[in-house]
Amino acid sequence: MCPPAMALTNDDEFQKGVKHLFENGVSKLPYKYILPVSDRPKVDKEHPNAAKSSLKLPVIDFGELQGPNRSQVLNSLSSACEEYGFFQVVNHGIPIEAIRSMIDVSTRFFGLPYEERAKYMSSDMTSPVRYGTSLNQRKDSVFCWRDFLKLVCHPLSDVLPHWPSCPMDFREVAATYTRETKWLFIRITEAILESLGLWGATTEEKTEEDDEILKQFHDGSQLMVVNCFPPCPEPDLTLGMPPHSDYGFLTLLLQDEVEGLQIQYKGKWITVEPMPNSFVVNVGDHLEIFSNGRYKSVLHRVFVNPAKPRLSVASLHSLPFNCMVGPSPKLIDQVNPRRYKDTDFATFLEYISSCEPKKKNFLESRKLT
């Protein structure tokens, strides 16, 4: 039996997140979540759970990338990064068990009583663990229909003791998943650097400088964000996440079988079809800067639905927090002048702490006119 619908007028209730609202039987979308008409998702009235058009992203077979067809796969990777800013990776080598366990333990975390989840609520953006709602629950004028658990993942031995201890297997499962996604990120980054002509796969082609850049990624930042999107009473009035680009170098996204992710492609919002046991990988702002604009970070958003909960796990990777990111000198010449200023994590934190993050505003602020 459903709990009674709650009358919501108190702003404090919104601070507790959308899982809390759903558990308390909210039957109408509270005013705090209603987007201006121009920002609402335009869903197909015939099929309210799905947006109008869907897209199969370019698929990169990771197994092929390790074999004799590497050069063809690198060409596909390059065109995916240029045209879509997104691709899907299959045969990635991460055990299915690690993936299923991560989805399972995340689902159980969000199934805990609110009081247990709330132990990790924090407005400190540098905290090794943060539970929260919307994008920035202290600043957002309109909230999005999303709760999240953010985990700083590097250095793992330092942050692990701060991660949730309930469910009991959470730390162990999440730490395994962190190591696996870091390994996959490094392998994909090698391929990205090679596709840009900045790294050689064979020993003869490598320079000391090439190995140095890769060493920085080995030691780089990793942030895991587990997103929970409960069923929403009026999904056409709100979004699970508003249009945004990702801050780092690459994001590896694991999603369940429920549709929700949309990318902006040729001016239209297109739904990405979930592919079991694959990763959706997208170019972040750092890679756009590093490639001097050759590879583009792309706006994406999440829509919600009235019937099904949705869960996703995003693993965001980049250079170390204290590292300056700028266009690679090898990609700048007279034909391709430098297009971006250098940036670092502190500049980004300062920017998003001072204003509501929207679309690709931060990246725009880094562009040289």
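Reader: At what angle do helix α4 and α8 pack?
Author: This is a predicted model. Helix α4 covers residues 70-83, and its axis lies 9 Å from that of α8. Angles of 65 to 115 degrees count as roughly perpendicular, so α4 and α8 fall in that class. The packing angle is about 85 degrees.

Reader: Which residues of α8 meet α4?
Author: On the α4 side, the residues are R70, L74, L77, S78 and C81. By class, this contact has five nonpolar, two polar and three charged residues. The α8 partners are E190, A191, I192, E194 and S195.

Reader: How far apart are the end C-alpha atoms of helix α8?
Author: Helix α8 runs over residues 170-195, which is 26 residues. At 1.5 Å a residue, α8 should span 38 Å. The model agrees, with the end C-alpha atoms separated by 37 Å.

Reader: How many residues of α8 are buried?
Author: Buried means under 20% relative accessible area. Helix α8 is mostly covered. Of its 26 residues, the buried ones number 19.

Reader: What percentage of residues 219-319 is strand?
Author: An unreviewed UniProt entry annotates this span as "domain: Fe2OG dioxygenase". Its end C-alpha atoms lie 7 Å apart.

Terms used. Residues numbered from 1 in each chain as written. Predicted model: local features only at pLDDT ≥ 70, side-chain atom pairs only at ≥ 80, totals over all residues. Heavy atoms only, no water. Helix = DSSP H or I, 4+ residues; strand = E, 2+ residues; numbered from the N terminus. Expected span 1.5 Å × (residues − 1). Buried < 20%, exposed > 50% of the residue type's maximum accessible area, 1.4 Å probe, protein only. UniProt positions renumbered as here; feature names shortened; annotations may be inferred. Axes fitted to C-alpha atoms, helices over the stretch in contact; angles between N-to-C directions. Parallel < 35°, antiparallel > 145°, perpendicular 65-115°, else oblique. Contact = heavy atoms within 4.5 Å. Nonpolar A, V, L, I, M, F, W, Y, C, P; charged D, E, K, R; others polar.
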